[in-house]
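Here is a short report on the backbone and surroundings of a few selected residues. Please keep the structure open while reading.

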Amino acid sequence: EFDITAYNSHESVNDYLDELSISYPDLVTTKIIGYTHQNRPIKILIINNKKSGAKPKVFIDGGQHAREWISPAVVTHMIHQLINGYYKEDDRLRSLVTKYEFHMLPILNPDGYVYSYSDHGIRLWRKNMNNVTTTNCTGVDLNRNWDFHWAGRGGSRDECSIVYQGQSAFSEKETKATSDYILSYQGQWHSYFSFHSFGQLILFPYSHTAIPNPDYEKHRSAAKSLAAGIKSVNNRRYTVGAVGMILYEASGSSESWAYSIGVPYSYTLELPDLFTFVVPTDVIEPTANELLQGLVEYFQLIEEED
Ligand code: 0X9
Ligand code: ZN
């Protein structure tokens with residue numbers, strides 16, 4: 001049922017992750033890090049070749065926003081390629097897997113994804129599916145619910161808004177489970193990436209203000225090599241910048257929270273820009289290829305600088 005070239009259901013993505021862990025027990029493990037409001041498992045996959053000892057950890061999530069299907073599809077495709085590349089002795093990918101430990105969460109917002117994916121749902125649904133109060137409006141914008149400048153500019157207190165921030169920081173099971181997981185390895189992270197769509201942007205903190213963060217230059221030069229690696233594959237251009245400076249203020253978003261708890265490099269990526277959330281499936285594989293080459297050059301640059 002699972003098809004790596006297509007948009008898959010939440011269940012078949014999770015089944016695929018489990019199959020990988022069964023096929024490659026020395027390299028891959030999966031873990032349920034929590035359950036959603038509608039009781040769906042939030043599943044993460046870890047790629048770790050245990051032979052080479054403790055490695056810097058890299059976290060990649062997708063699907064915070066339900067309608068941005070390209071994001072979970074690309075995270076899943078990257079999982080597929082990293083594992084295959086490792087066993088096929090593709091030097092580029094093998095060295096990534098040997099040097100770094102990848103924690104990949106393709107669908108951070110399962111309830112929203114299932115609703116967007118269902119014939120009975122709304123394709124352009126963004127939020128999760130939590131009924132916070134008794135009004136008829138459903139859902140919290142998970143990327144306004146993280147505990148860093150929560151309820152600042154760019155979120156909303158209005159439950160009916162598409163950027164509703166929730167009743168308190170980490171009020172939502174999805175953000176709580178993911179942040180607890182990240183905190184359980186605090187100090188061990190090298191990078192955090194959150195994949196969204198759309199806009200072809202590589203965004204870094206801060207997001208609550210246009211004031212540059214203390215690591216602005218580091219973040220910018222690493223982002224530039226990520227963009228250069230991406231561009232080298234299909235000539236697709238990503239714009240690089242701090243969220244609050246080049247996009248709009250979005251307080252309570254994940255990449256600035258990750259930076260605030262000590263993840264040295266933290267980014268939100270807006271994937272290819274076709275001016276819609278409904279992206280043809282033939283964009284999945286090239287996007288994953290581009291991002292992997294981007295990561296190769298990104299890690300190279302950081303290794304050289306350190
Ligand atoms: O508004 C968002 O959450 C993201 N854009 S999207 O169209 N995918 O919804 C941008 C988030 C960028 N990061 C921060 N603002 N921190
Ligand atoms: Zn998004």
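## The loop between α4 and α5

His149 sits in the loop between α4 (110–117) and α5 (173–183). Helices (H or I, at least four residues) and strands (E, at least two) are DSSP runs, numbered from the N terminus. Phi of His149 is near 50°, a positive value in a residue other than glycine. His149 is buried, because 22 other C-beta atoms lie within 10 Å. The cut-offs: buried means 20 or more other C-beta atoms within 10 Å of the residue's own, exposed 12 or fewer, partly exposed in between, with C-beta atoms placed from the backbone.

Phe170 also belongs to the loop between α4 and α5. Its phi is positive, about 60°, although Phe170 is not a glycine. Phe170 has 19 other C-beta atoms within 10 Å, so it counts as partly exposed.

## Model and numbering

This is a predicted model: local features need pLDDT of at least 70, side-chain atom pairs count only at pLDDT 80 or more, and totals for chains, interfaces and linings use all residues. Residues are numbered from 1 along each chain as its sequence is written, while chains are lettered from A and ligands numbered from 1 in the order in which they are written.

## The annotated Glu270

An unreviewed UniProt entry annotates Glu270 as "active site". UniProt positions follow the numbering used here, feature names are shortened, and annotations may be inferred rather than shown by experiment. Glu270 lies in strand β8 (residues 265–271). Glu270 is buried, because 20 other C-beta atoms lie within 10 Å.

Leaving out residues up to four places away in sequence, Glu270 touches His196, Ser197, Phe198, Gly199, Gln200 and Leu201. Contact means C-beta atoms, placed from the backbone, within 7 Å.

## Cis peptide bonds

The Ser197 to Phe198 peptide bond is cis, with omega near 10°. Phe198 is in the loop between β5 (189–197) and β6 (201–204).

Notes: Contact = placed C-beta atoms within 7 Å.
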